[in-house]
Number of protein chains: 2
Amino acid sequence: MEDNIKSRVVGVDISVKRTTYAIVDVRGNIVAQDCFPTNDYPDVNEYISVLSEKILELTEANGGYDTIRSIGISAPSANFLTGCVENAANLPWKGIVPLAAMLRDRLGIAVGVANDAHVTALGEHAYGRAHGMKNFIIIALGHGIGSCIFSDGRAHLGYEGFAGEIGHTTYIPNGRECGCGQRGCMETYCAQKGIIITAKELLAESDKPSLMRNLAEINPRTIAECCEQGDELAVEVYRRTGEVLGFVLANYASIVDPEAIIFTGGIANAGHWLLDPACETFDKYVFRSIKGHVKFLLSSINNRERDVLGASALAWGIKEYSLFK
Amino acid sequence: MEDNIKSRVVGVDISVKRTTYAIVDVRGNIVAQDCFPTNDYPDVNEYISVLSEKILELTEANGGYDTIRSIGISAPSANFLTGCVENAANLPWKGIVPLAAMLRDRLGIAVGVANDAHVTALGEHAYGRAHGMKNFIIIALGHGIGSCIFSDGRAHLGYEGFAGEIGHTTYIPNGRECGCGQRGCMETYCAQKGIIITAKELLAESDKPSLMRNLAEINPRTIAECCEQGDELAVEVYRRTGEVLGFVLANYASIVDPEAIIFTGGIANAGHWLLDPACETFDKYVFRSIKGHVKFLLSSINNRERDVLGASALAWGIKEYSLFK
C-alpha cells in the first residue's frame with residue numbers, strides 16, 4: 001500500500017503577457033491559482049527562478065508541495081517531444097529554450113511542455129467536450145489558427161512535433177501574405193487579421209450602409225457585435241470567413257475522420273455567425289462516408305480556466321519522477 | 001515454457017479479379033502462396049467456404065495448420081474497426097459483409113480485415129521503406145488514391161475507420177467530376193482516369209507532335225514510356241499531375257508532419273517524371289518548419305508480394321485467438 005500518492009498537479013500557462021499557474025486536483029478542480037507578467041523576465045534563467053519560487057509558495061500555502069505529482073506547461077511554440085520552446089515569435093526568450101528540463105532541475109519533479117493546441121486538446125479530452133472521444137480535432141481560432149488531432153485517444157504530434165499546422169495549409173496559391181513567409185495560408189482568411197482584412201475589403205467594395213463603418217476598431221469581436229444587431233455586411237464577413245473555414249475543414253476531416261471538430265479561441269465566440277456557414281460549406285465538400293457524422297462543437301471550458309486545466313491534463317499524462325522519493 | 005508457439009500467419013489479398021493467399025513467417029518470408037478468381041463466387045458464403053478450404057489445404061501441405069497464428073486480409077472498402085467489407089463498389093458481394101467474423105467462424109483462429117492503404121502501411125512498416133519509422137504517410141496511386149497515416153507507430157483509422165481519404169479532398173471546387181459524386185476531388189487529377197484526361201486535354205490544346213498521338217491506348221504506363229523517349233507533351237502530363245499531387249501533399253504534410261511519404265501503386269511506377277515536379281511543388285507550399293524534412297520514397301516491396309505481406313503484418317498485429325487451444 002502506497003501512502004504517498006501525489007494527488008494534485010500544477011498547470012502553467014505561459015502567454016506573451018502573463019504566466020498563470022494553478023494547483024489542480026484529479027477531477028479538474030482548480031484549488032489555487034495566481035499569475036505574474038511574463039515579460040518582466042527577459043532572461044529565461046531568472047524567469048525559471050521566479051516561476052519555481054512562485055510554484056513552491058502557492059503549493060506550500062495550499063496543502064504542500066509534496067502533494068504535487070508533476071507539472072504541465074502550455075506555451076506558444078512549445079514542442080512536447082523535445083521539451084523545448086522553439087523560436088517563439090512573441091516570447092522574450094529567443095532560440096531553443098529547454099523549458100521542461102530547466103524547471104524539472106529546479107523543482108525535482110516531472111515537467112512537460114506542449115503548445116497551446118495540444119494542451120487544449122488534452123484539456124477538452126479530460127474535462128470538456130471531448131470527454132470520452134478517441135478521435136477528434138481541436139481548432140483554436142485566434143491571432144493564428146492552431147489545431148491538434150486526437151488519434152485513438154492520444155494527441156498526434158508527428159515526426160518532429162509540428163503536426164496540426166492547419167493554419168498554414170494553402171487555401172489560395174499566391175493569395176494573401178502570411179507571417180510565415182508563404183502566401184494564401186488559410187489563417188490569412190480565418191484568423192484575426194484575415195477577418196479584419198475581409199471586413200475592410202467588403203466595406204470598400206460595397207456602398208451599403210454598415211455599423212462597421214462607425215466602429216472605433218474593427219476586430220472579430222466588434223464585427224460579431226454588429227452581426228448581433230443585424231448588420232448585413234458584418235454577417236457577410238463571417239459568412240465569407242466561414243466558407244473558407246468549412247472548405248478547409250472538409251478536406252481536413254476527409255483525411256482524419258474525426259468524431260467532432262471542437263472550436264476554441266476568441267474568434268469562436270462569433271458562434272453561429274461563423275459556424276453555420278462553415279458547417280454548410282463543410283457538408284458540401286466533405287467525403288460522402290463522413291458527411292453528417294462530424295459534430296461541430298464549441299469548447300465547454302471557460303476561457304479563464306482552459307489553459308491551466310489543459311496544462312494540468314498534460315501533467316497527469318507524463319511519467320512520474322521525483323528527486324525526493 | 002510454451003511449446004505451441006504459432007510461428008506463421010496467413011496473408012490474404014482480395015482484389016476484384018483474384019484472391020491471393022500466402023503463408024508468411026515472422027521475417028516476412030513467403031513460405032507458400034496460391035490464388036483463385038474472386039469473381040467465381042458471387043455468393044459470399046460459398047466464397048468463404050472455398051477460401052477456408054484452400055487455406056487449410058495450403059497450410060496442411062506446408063508445415064501444418066496448427067503453426068498458423070492468425071489471418072490478415074486486405075480488401076477494398078474493408079474497415080478494420082468493424083471487420084467488415086462495406087459497400088465495395090467492385091467486389092461481387094453487396095452491402096456490409098462481416099468477412100472477418102465469417103472466416104474466423106470457419107477456421108477457428110483470429111482474422112482481421114483492413115483496406116488496401118492500411119494494409120500497405122503495415123507492410124511497409126514491417127518489411128519495407130517505413131521500417132523503423134513511427135510517423136509516415138502511405139500514398140497508393142492507382143485507379144483511385146488511397147492513403148494511410150501512421151501516427152506514433154500505429155495506423156490512424158479515425159472515428160469510423162474512414163481516415164486517409166486524401167483522394168476525395170477537394171482540389172478544385174466544381175472541378176472534374178468524381179465517381180464519389182463530388183467534383184474536383186484530387187484523384188480526378190492524379191489517379192488513372194485523371195491522368196488520361198490530362199493527356200487528352202493536352203493533346204487537344206497543343207499542336208506539338210507527340211508519341212502519345214500514336215498510342216493504341218493512352219494510360220499512365222504508356223505515357224511514362226513516352227516520357228522515357230523524351231516526349232515533351234508526355235513529360236508535361238506528369239508535370240501537371242505532379243504539381244497537383246505536390247500541392248495536396250504539402251497541405252497533408254503540414255497537418256500530419258510525417259517523416260516520409262511513401263508512394264505505391266501502378267502510377268508510382270512513373271517515378272521521377274511524377275515525383276520530381278511533385279517534390280518541387282511540395283517544397284513551395286509546405287509549412288516552413290517541415291520543409292526539407294519530409295522524405296519522398298518509393299515502396300521497396302515488389303508489387304507481387306506487397307498485398308499478402310501487408311496482410312501478414314495485419315495478422316501479426318491482431319489479438320491471438322484459437323478454438324483449438
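The crossing of α1(A) and α2(A) is right-handed, a term for the near helix being turned clockwise from the far one by less than a right angle. This is a predicted model, in which local features need pLDDT of at least 70 and side-chain atom pairs count only at pLDDT 80 or more, while totals for chains, interfaces and linings use all residues. Residues are numbered from 1 along each chain as its sequence is written, and chains are lettered from A and ligands numbered from 1 in the order in which they are written.

**The helix pair**

- Helix α1 (residues 44–60) of chain A packs against helix α2 (residues 99–107) of chain A at an angle of about 50°, and their axes are 10 Å apart.
- A:Ile48, A:Leu51, A:Ser52 and A:Ile55 of α1(A) make the contact with A:Met102, A:Leu103, A:Arg106 and A:Leu107 of α2(A) (C-beta atoms, placed from the backbone, within 7 Å).
- Six residues of this contact are nonpolar, one is polar and one is charged (Ala, Val, Leu, Ile, Met, Phe, Trp, Tyr, Cys and Pro count as nonpolar; Asp, Glu, Lys and Arg as charged; the others, Gly among them, as polar).

**The two domains**

- Chain A is assigned domain 1 (8–121 + 304–317) and domain 2 (130–300).
- The C-alpha centres of domain 1 and domain 2 of chain A lie 28 Å apart.
- Eleven residues from domain 1 of chain A and 13 residues from domain 2 of chain A take part in the contact.
- Helix α3 (residues 116–127) of chain A gives the largest share of the domain 1 side, five residues.

How values were computed:
Axes fitted to C-alpha atoms, helices over the stretch in contact; angles between N-to-C directions. Helix = DSSP H or I, 4+ residues; strand = E, 2+ residues; numbered from the N terminus. Contact = placed C-beta atoms within 7 Å. Domains from an automatic or database assignment.
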